Every structure is written in C-alpha cells, then in structure tokens.
Amino acid sequence: QVQLVESGGGLVQAGGSLRLSCAASGRAWNMYVMGWFRQAPGKEREFVAAITGLGGSTDYADSVKGRFTISRDNGKNTLYLQMNSLKPEDKTVYYCAATLGRIATDAASAYNYWGQGTQVTVSS
C-alpha cells in the first residue's frame, strides 16, 4: 500500500554533508512512522533514525546523534535525512522504511515497507 524511493546519495569527502530523500506514495502518509536504516556488505542492518507521522518525536542511533537529522514534509510525502560531519564509517547503502505504528522505533522488524536504497560513499 506504499512505495518508497530513496535518492540523494553520492560521493562526499569526510567531514562533508549530504541530504537523502525518500519519496513515498500511498494512503494516509501522515499516519506512517518512517525510519532510516543502513547496511554495509557482510554486516547487519543498522538503525539510523526514525520519526513519527507528524514529526513530533524522533529517535537516533548513538553513532549518528548530533550529526544526522531526520525530518519529513507531509505535504510532499517525502522523508529526509540530513547528514553532516560524515565519516568514512558512514559509507554504505541507506534505506528508508515505513510502518503504521505510532512509535519511532529502531526495530527493523516493525517496518513493513522498504525502499530500494541509495549509496553513500565517504572518502578519506
């Protein structure tokens, strides 16, 4: 019932910034909790950030807290992840996800819909 398409990934030097976008299509967009996850080859999927339907509550992984900001524009059905002070360890594929839950959760199993991912490369 919802489709997600990530964009905005690319190559950036360490210390630089990128903004990822996730365009969504589906009903009742502002009812969905949205999250960002990332997964490097051979490693487990890692929670990055989540935001409630109206943007009132957010949650961040400790590894990105203070550097990344999650936000949403419900008028555009779009989720964002502003990434500042990027580090080489941030280099991986980033995915957006959606759920009809009400809590900004870090549990990947709680999310029912996923995008295809966008590659972020951070050079040293």
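How many helices and how many strands does the chain have? The chain has zero helices and 11 strands, where helices (H or I, at least four residues) and strands (E, at least two) are DSSP runs numbered from the N terminus. This is a predicted model, in which local features need pLDDT of at least 70 and side-chain atom pairs count only at pLDDT 80 or more, while totals for chains, interfaces and linings use all residues. Residues are numbered from 1 along each chain as its sequence is written, and side-chain values use heavy atoms, with hydrogens and water left out.

**Figure 1. Overall dimensions of the chain.** Along its principal axes the C-alpha trace spans about 40 × 25 × 25 Å. The radius of gyration of the chain is 13 Å, which agrees with the value near 14 Å that a compact globule of 124 residues would have; this radius is taken over C-alpha atoms, and the globule rule is 2.2 Å times the number of residues to the power 0.38.

Figure 2. Among contacts (heavy atoms within 4.5 Å) between residues at least 6 apart in sequence, 60% join residues at least 24 apart.

**Figure 3. Surroundings of Thr105.** Thr105 is placed in the loop between β9 (92-99) and β10 (113-114). Because its relative accessibility is 19%, Thr105 counts as buried. Apart from neighbours within four places in sequence, Thr105 is in contact with Phe47, Ala50, Ala110 and Tyr111.

Conventions. Buried means under 20% relative accessible area, exposed over 50%, partly exposed in between (1.4 Å probe, protein chains only).
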